[in-house]
Amino acid sequence: MKSRITTVAISAVAIAALAACSSTGATPAGSEGAEGAFAPTDVRMIVPFAAGGGSDVSGRAIASGLEDATGATITTENREGGSGAVGYSHFLAQEGNGNYLLAAETALLALPLTTDVEFNYESFTPIMKLGDDYTLVVVPGDSEFQTCTDVVDAARGDDGVVVAVSGAVSLDEVVFTLIEQDQDIEFDRVPFEGGSEVIAGLLGGTVEVGSLNPSEVLGQLESGDLRAVCALSADRYEYEELADVPTAVEQGIDVAFAQWRGFIAPGGISDEARQYWIDAAEDYVASEEYTAYIEDNLMQANALYGDEFVEYLAQNSADLEAVVSQ
Amino acid sequence: MLENLLLGFQTALTVENVIWCFIGVFLGTVIGLLPGLGSTTGVAVLLPLTFALEPVTALIMLAGIYYGAQYGGTITSVLISTPGEAASVVTTIDGYQMAKRGRAGAALAISAIGSFIAAIISLALLIAVAPPLADVALKFTPVEMFAVMIFGLVIVVTFQGGALIRGALMAVAGLLVATVGISPGTSTERFTFGNVNLLSGIPFVEVMIGIFALGEVFYQIRMGAAEPIKARFKDMVIKRKDITDSMPAILRGSGVGFAFGILPGAGSTLASFMSYGIERRVSKNKANFGKGAIEGVAAPESANNAAANANFVPTLALGIPGGATTAVLLGAFTIFGLQPGPLLFETQPALVWGLLVSFFIGNVLLLILNLPLAPVFAQMLRIPYGYLYPIILLTSLIGAYSVSNNMFSVWLVLIFGILGYLMKELDLPMAPFVLGLVLGPLFEKALVQTSAIGRGDLGVVLQSPIAVGVLLAAVAMIVLPKLIKPGRALLGRMRDRSEETTGV
């Protein structure tokens, strides 16, 4: 009975996807002729987090984009639990199977650093980095803080500053630790679980400062309930809503750190399969769907493929380790 | 206000929207009925189906699944003591007893009526005072939530009256099971034994299916199949007296449910058992609680529906989800290109008011759907147990597997099924165990946060007037009954004496 509902839902997704394919008339990527052997038809996209969250949204967006690019059927499957550990561990067991993909983000690097898991990023075949999601430093609308420099100065004072974090290797823990290391200060922390709890904590006066992805907090920024004092990105945002927010670097704080999103294949897949997915990813990035996803989520479109992505992961992992070991 | 409502009716009362509203509440009822498949999973799984619809239509349908599931969750709680939804756990206590007495039809009908009244009351409150209420909800910071959790634990412990020590024991056992997994705040692993499946803790849904569904089946097998409950169709229909008796419980349940529903993160599960605990104290019929009191079904069922609606207060007014399901719904807003947040009421009036009015339509549809069906569903109990139990076992195990597509869940369900059987053998109350498991993570999070706010000093709780008030109420829950009894006895004796004197 229950599986019937799942089946109905899955087939509905498949039908919707097929309809999308036929309407755009997309043809499989040219790779098929060149490499010959690898041509997947029935693909699983594992999302290691619950349906409805940021990873789920990106996983489904990538799956739909790759379907258009390849003509294959890609079914999204949520395997949540253990901050992503359950999904990645399941994925580890699919070694050598080019018909499996996983919607990855910073947990791929954070989990091996903090939790007793059997994988790290080298256990898999990284295919593509979709883009970067930087964070904003956010305060309540009526806060006395006008800039990130104000926040840092207050943290040097006697009363300190209370910031919100969402776990030992969450993005906000990482960026606040980087600010602490750069400025030689220390924040007081109150732990939360996820962005919406942090927003409630800021509005209710439990914490003074939070660090959130723009897409999580835009509604409160537009209403004036919350205010962004700086962006922890290398350059200012080009989005109209965020163009006025100065970067931390402009304010003398040398911190920029992004959460990346992308997708990986299992370890030990054939070179043909790897190249097939890289080609498909490049086709997806050229599509309107990709642009829409990046813009809807106020992300920055810094796509990387294959070896470049691996290099990025190595650097990012080292950065994270410096924070965690502190 | 009036023009907003008018706009809402204009949006919600189109043929298309009413049809999708019906599809939503119907699917919600089915989803609530199936063990393991709660409203959160239901909304998430069916979300992709709605991509082709207009945003407002899609949200009307998804919200319909949400509150429809609150109705459906009751049916299996009452009939086979297997809650389909977490918020219906409490209903099993008196609901199943009623079913055993051949009054399943009345139990189902009163839960439909109670749910309907609660939904209408909470909807009126939601429409009239959502923004100011949202500000009140924000006053419940972790410090106040810490006090609320202590209040909750007190209710859990004193849940089943006489067996105070057994209740406390089982609640502590539930809290202990809740400590498995990564701890909040420090991210330390506890009792995971290197198993990745245990990192996020022992999931509540699997425990619930195991203890209630499998535990009951195992127990009945051991007892030797009882005779199917033979009740005449006439007895299955609810009587007028049942409704009038339940009215105070329904109204109190609605109030309690709404109050807990607006607190971010508390949700309908907490609301349902709080209202049951309170009703046990104040009801005229309290002596029959646990033995099939209709008030014991009416109160929690009204509360979980009121809470489901009240959950939309922080969701719509602040852009902060009130619970797990509204979090998925907020995700849906984003997918449809809507920016959830405080400005939603101004930027999308047709959508917000259309959605709110659709709740009203949906609840009317649910009442029409559920009232006549109550006696029909109750007929299910006529199925001989030899056929019924394999079906329960099968749906339970499939339900467990589908929670996370993982065999580990199935093993968990079997283990907790055996534990549930043992609890029944030893006559240990199950509800406090489950509720300890629900409260555990919430309680611990509030504790860690409060401790961080006070820089290690829990004394900050005493600086908050709201928290102190809640704590005093918790103390009163323990102390007052002890004082009232001797007090009444004393009064009684004095009255007797005065009667004696006047009589002479």
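Predicted model: local features only at pLDDT ≥ 70, side-chain atom pairs only at ≥ 80, totals over all residues.
Author: The axes of α2 (residues 15-33) and α4 (residues 55-80) of chain B come within 5 Å and cross at roughly 35 degrees.

Reader: Which hand does the crossing of α2(B) and α4(B) have?

Author: The two axes cross at roughly 35 degrees. As for the hand, α2(B) passes α4(B) in a crossing that is right-handed.

Reader: Over to the open sheet in chain A: in what order do the three strands come?

Author: The pairing in this sheet is antiparallel. β8 (210-212) and β9 (226-231) of chain A each have a single partner strand, so they stand at the edges.

Reader: Which residue of β8(A) is the bridge partner of A:L136?

Author: Strand β5 (residues 136-140) of chain A and β8(A) run antiparallel and are joined by three bridges. In β8(A), the bridge partner of A:L136 is A:L212.

Reader: And which helix lies across β5, β8 and β9 of chain A?

Author: Look for a helix of chain A running at about 135 degrees to β9(A). The one lying across these strands covers residues 214-223, and that's α9.

Reader: How far apart do the C-alpha centres of domain 1 and domain 2 of chain A lie?

Author: The domain assignment makes domain 1 of chain A out of 8-23 + 41-133 + 260-324, while domain 2 is 136-251. Between the C-alpha centres of these two domains, the distance is 28 Å.

Reader: Which elements give two or more residues to the side of domain 1 of chain A that touches domain 2?

Author: Ten residues of domain 1 of chain A are in contact with twelve residues of domain 2. By class, the domain 1 side has six nonpolar, three polar and one charged residues. The elements asked for are α5 (107-114) and α12 (306-324) of chain A.

Reader: Finally, the contact between the chains: how many residues of the chain B side are nonpolar?

Author: Chain B brings 53 residues to this contact and chain A brings 47. On the chain B side, α3 (39-46), α15 (324-335), α18 (385-404) and α20 (431-453) each supply at least two residues. Four residues of that side are charged and 19 are polar, with the nonpolar ones numbering 30.

Key. Residues numbered from 1 in each chain as written. Chains lettered and ligands numbered in written order. Domains from an automatic or database assignment. Contact = placed C-beta atoms within 7 Å. Helix = DSSP H or I, 4+ residues; strand = E, 2+ residues; numbered from the N terminus. Nonpolar A, V, L, I, M, F, W, Y, C, P; charged D, E, K, R; others polar. Axes fitted to C-alpha atoms, helices over the stretch in contact; angles between N-to-C directions. Left-handed = near helix turned anticlockwise from the far one by under 90°. Pairing = 2+ DSSP bridges.
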